[in-house]
Amino acid sequence: MMQILYKLQIVNIIFTLSLYTESMKTLFLMLIITFLIKPFQLSTVYFVLFLYFLAKKDYETMYIEKYWIFPSILLLFFCSSYVPLLNRVSTSLVFLFVSGAIKLIKSDWIGSADVCYLFFFGFYLGIERMLVALYISVLLGILWILYKKKYILPYVSCLCIGVWIAVLKGYTIFYFLMNLFS
């Protein structure tokens with residue numbers, strides 16, 4: 001009996017280490033892709049780490065604690081966004097109004113963290129890149145539901161991936177889609 005428990009403990013440790021190494025490989029790949037597209041800056045490292053750990057937290061627990069507001073505020077202070085202030089404010093208010101209305105009407109469709117981070121990323125990105133992030137996150141969410149065959153979605157994780165892509169190539173994707181659909 002003790003041997004079986006010992007073997008199960010070793011399997012559990014190996015599985016945990018393999019998940020940890022896969023997680024670190026993903027983070028390393030995100031950093032490499034980011035630095036191939038954008039120049040190396042400490043704020044870029046912070047931004048990628050912020051998105052990665054926020055997405056990982058939402059994926060694992062589907063719950064974002066309130067202390068995540070502090071790294072979010074630090075992101076606004078240290079990671080510059082060259083979007084005009086009026087664009088940022090109007091985008092964030094539109095996303096807050098729409099997602100807040102969905103939360104009030106159908107509270108089981110969207111979580112509070114989803115509303116907060118749609119507002120927050122709307123302020124950070126502006127309308128063009130936020131629409132790209134929303135488009136990518138919705139596509140990822142649909143793929144998630146089809147693949148996992150579950151109807152509970154860690155949407156902040158999908159949104160973080162969409163925001164990461166939108167920061168890297170958001171304007172390019174936005175104008176490509178505008179030309180494609182016009």
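Is Lys56 buried, partly exposed or exposed, and what is its relative accessible area? Lys56 is partly exposed, at a relative accessible area of 27%; buried means under 20%, exposed over 50% and partly exposed in between, with a 1.4 Å probe and protein chains only. The legends below describe a predicted model, in which local features need pLDDT of at least 70, side-chain atom pairs count only at pLDDT 80 or more, and totals for chains, interfaces and linings use all residues. Residues are numbered from 1 along each chain as its sequence is written, and side-chain values use heavy atoms, with hydrogens and water left out.

View 1. The structure holds two salt bridges (a side-chain nitrogen of Lys or Arg within 4 Å of a carboxyl oxygen of Asp or Glu). Lys56 pairs with Glu60, with 3.9 Å between the closest N and O atoms. Both residues belong to helix H2 and are four residues apart, about one turn of the helix; helices are DSSP runs of H or I with at least four residues, numbered from the N terminus. Glu60 counts as exposed, at 54% relative accessibility. In the salt bridge between Glu65 and Lys57, the closest N and O atoms are 3.0 Å apart. Glu65 is partly exposed, with a relative accessible area of 23%.

**View 2. Packing of helices H3 and H5.** The axes of H3 (residues 69-78) and H5 (residues 112-125) come within 11 Å and cross at roughly 10°. H3 is therefore roughly parallel to H5, a term for angles under 35 degrees. The axes are lines fitted to C-alpha atoms over the stretch in contact, and angles run from 0 to 180 degrees between N-to-C directions. Ser72, Leu75 and Leu76 of H3 meet Tyr117, Phe120, Phe123 and Tyr124 of H5, where contact means heavy atoms within 4.5 Å.

**View 3. Tyr117 and the largest nonpolar core.** A nonpolar core is a set of buried Ala, Val, Leu, Ile, Met, Phe, Trp, Tyr and Cys residues joined through side-chain atoms within 4.5 Å. Among the 38 residues of the largest one, Phe50, Leu54, Tyr117, Phe121 and Val163 touch the most other members. H7 (155-181) is one of the elements that give two or more residues to this core, and H7 provides its largest share, 11 residues. Leaving aside residues up to four places away in sequence, Tyr117 touches Phe50, Leu54, Ile64, Trp68, Ser72, Gly122 and Leu159.

Technical notes: Angles under 35 degrees count as roughly parallel, over 145 as roughly antiparallel, 65 to 115 as roughly perpendicular and the rest as oblique.
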